[in-house]
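Please read the following note alongside the sequence and the coordinates.

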Amino acid sequence: MKNLFYRMLAAALALTANHAFAAACGPVYGADGIAVDALGKVWISHYEDIRIGKLDPDSGRFEEYLPAARAEPTLLNRDSWSQTEGFDYGRDFGLYGIALDNNRGLTWSIRFNSDKLMRFSHSDNRFSEIGLPGRIGGRFDLPMDKDGNLWLLAGAADGDSRLMRIAADGSQTAYPLPVRQATNLNVAVDRQGHGWLSLTPKGSPKAALYRFDAKGFSPVKLPDAVGLYLTRLHVDKQGELWFATGNDIWHLRGKVSFERHAVPTANAHPAVLASDEAGNLWFTEWYGNKIGRIAADGKLTEYPLPPEEEMPMALAVDGDGKVWFSAGFNYDLFRLDPADGRIEQFPLPVPGNWSKNAAEGMSACVVKPKDAMTKDLAKIVTLQSPATEQMIHPAAVRHPTGFPEDKGAVVFENNCHTACHTWYRMDKAANRRSDWGPTVDRMIEFNKAAIIPADRDAIVDYLNRHYTMKK
C-alpha cells in the first residue's frame, strides 16, 4: 500500500515538477533504526543525520557518535565536505536502519541511498565504511545471525540483486537470487543463518517466498490471499517466520501452516515487525498510528500513539518486554509498557551535526506556485490496491490555520506547500521554535524558493503568530 501511495504522490509531484523546488530542511522522521543492547541501552540511527546515538533510559543521558567529517557549519553543499579527510557524504547522506552485535561491540547501519555499510566500533568509537556491489536494500532493522553476520540485499533495484552475507570483519559472500528481475525484496534470518527471501518477480501478479540455507533457495507456496508484495519479513525468537502484507500479518507456524491476522484498524498498513522473548509479535501501524501486538495465543491488541504523534517507524523490544519506537516528525524516542499501555517520551537533542535535516527548518517542503499540488492531488482518482483489494483515497492536503480568512495563511499557501505524505506537522515544529525567519530565509537562499521580500515577511509573521512556542 505504501509503495502505491508513494507512486500516486510522485505522479502528483511530477505534474508540478517544472515549478517546484524540493527543500528537505526539517525534522521529518524520528529514528530510522532502534536496537537495545544487553545492558538496556537504546541505540538509534537517523535517516536524516550522520549519527549513531545511545540513550541510557535510567539517567536520560544521550551520547551521539559522528563519523569523522569536516564541513562548513553553514549550508549543505557538496563542496563543503572534505574529499581527503573523513567521509565525503555529498548531498544524500544519513543512516538507514540498525543492527547491534553485542558480542563484538559493533553497531551497523546503511549509508543512505548508497552501496555503503557503516560499522561503528564501541571500543574506540570509530566508523568504517564497507562497500557492497550495488545499492543496499533494507531499512529499520538489519537481519543478523548469532555469529554476527549481516544478511542484506544489494544490487540493481529491478534486477541482478544478490543476497549478501557480511561478516564482522567486513568480508563478504554473495549468493545469486533465484529470480533476477524482481522488486519488493525482503530478507530475514534466524540465529543459525537460515533465512527467508520474498520478492515480486517482474510481470508476476503475486509475491514469491523462498527459504534459504547452505543448499540454496527453496520456494514456499504462499496462501492465495497474499497479494502482489510482502511489506516486511521477520523471524521471531522461536525461529518462526512472520510477514506483513496489505492490512494483514501472517505467521508461518512450524514451517507447515500459515495463520492470518487481520489488523482491525482499516488501512493501518502494518510495516515494521519485532518480537519478544515471550513469543509476542509487535508491529507498527504506519497509517493507523498505533503499535500492535499479536500474543502467543493469537490475541491481537492495539495501542494508540499519543494524540499529537503519528506514523510510528522503527521498533524494538527490550529485555523487560517494553517496546521502543520512533515516530514521524519527532526526534524523541517512545517506550510503551504493555502492562498498562502507558507510553513514555524520551527527549533527544536535535543533532549536533549539520545534516540535510538542518535542525530548525521545514519538513520536506515543496515550493511551488499557487496551490497546484492540491489541485493535482484532487485529480487523482480512487485507486484499488492489488495487494489488499481495498479502496485507497489519497490523503487530503492540509491547509494552514486560518486559511483562507487569514491573509498570511493565503500567502503561505500560495508560496510554500508541503509534500511529506501530503501533510505537514506545523504544530510539532511550534514546540521547538520561536522564530521562523531563519527557516524561510534558508528556503529562499539555499533552496532558491521564488518568494519575494513582501511575501517573505508575511510568511514569517504568519508562522510566528500561529506556530511558535510564544504563540
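1. The mean pLDDT of the chain is 77, and 70% of the residues reach at least 70. Among the elements, the lowest mean pLDDT, 32, belongs to strand β1 (residues 21-23), whereas the highest, 98, belongs to strand β24 (residues 290-294).

2. Stretches to be read with caution. Residues 69-92 have pLDDT below 50, although the model gives this stretch 51 contacts beyond near neighbours in sequence. Residues 353-396 also stay under 50, and here the model has 155 contacts beyond four places in sequence. Where pLDDT is low, predicted coordinates should not be read in detail.

3. Overall composition. The chain has 471 residues, of which 55% are buried. Its secondary structure comprises six helices and 33 strands. Of the contacts with a separation of 6 or more, 50% are between residues 24 or more positions apart. The chain exposes about 20200 Å², and carbon and sulfur atoms supply 50% of that area.

4. In general, the strands of a sheet pair through backbone hydrogen bonds, in either a parallel or an antiparallel manner.

5. The pairing of β18 with β19. Strand β18 and strand β19 (residues 241-245) run antiparallel and are joined by four bridges. One of the residues involved is V235, whose bridge partner in β19 is L241.

6. T231 is placed in the loop between β17 (216-220) and β18. Is T231 buried or exposed? Its relative accessibility is 12%, and T231 therefore counts as buried, the cut-off being under 20%. Leaving aside neighbours within four places in sequence, T231 is in contact with N186, A244, T245, G246, H269, P270 and A271.

7. Because F243 belongs to strand β19 and F258 to strand β21, the pair ties together parts 15 residues apart in sequence. F243 is buried, with a relative accessible area of 0%. F258, at 22% relative accessibility, counts as partly exposed.

8. F120 and F127 form a tilted aromatic pair, with 4.9 Å from centre to centre and 45 degrees between the planes. Both F120 and F127 are buried. Which residues make up the aromatic cluster that includes F120 and F127? The cluster consists of W43, Y65, F120 and F127.

Technical notes
Residues numbered from 1 in each chain as written. Predicted model: local features only at pLDDT ≥ 70, side-chain atom pairs only at ≥ 80, totals over all residues. Heavy atoms only, no water. Helix = DSSP H or I, 4+ residues; strand = E, 2+ residues; numbered from the N terminus. Buried < 20%, exposed > 50% of the residue type's maximum accessible area, 1.4 Å probe, protein only. Contact = heavy atoms within 4.5 Å. Areas by Shrake-Rupley, 256 points an atom, 1.4 Å probe, with all protein chains shown as cover. Pairing = 2+ DSSP bridges. Phe/Tyr/Trp six-rings, centres within 6.5 Å; stacked < 30°, edge-to-face > 60°. pLDDT = per-residue confidence, 0-100.
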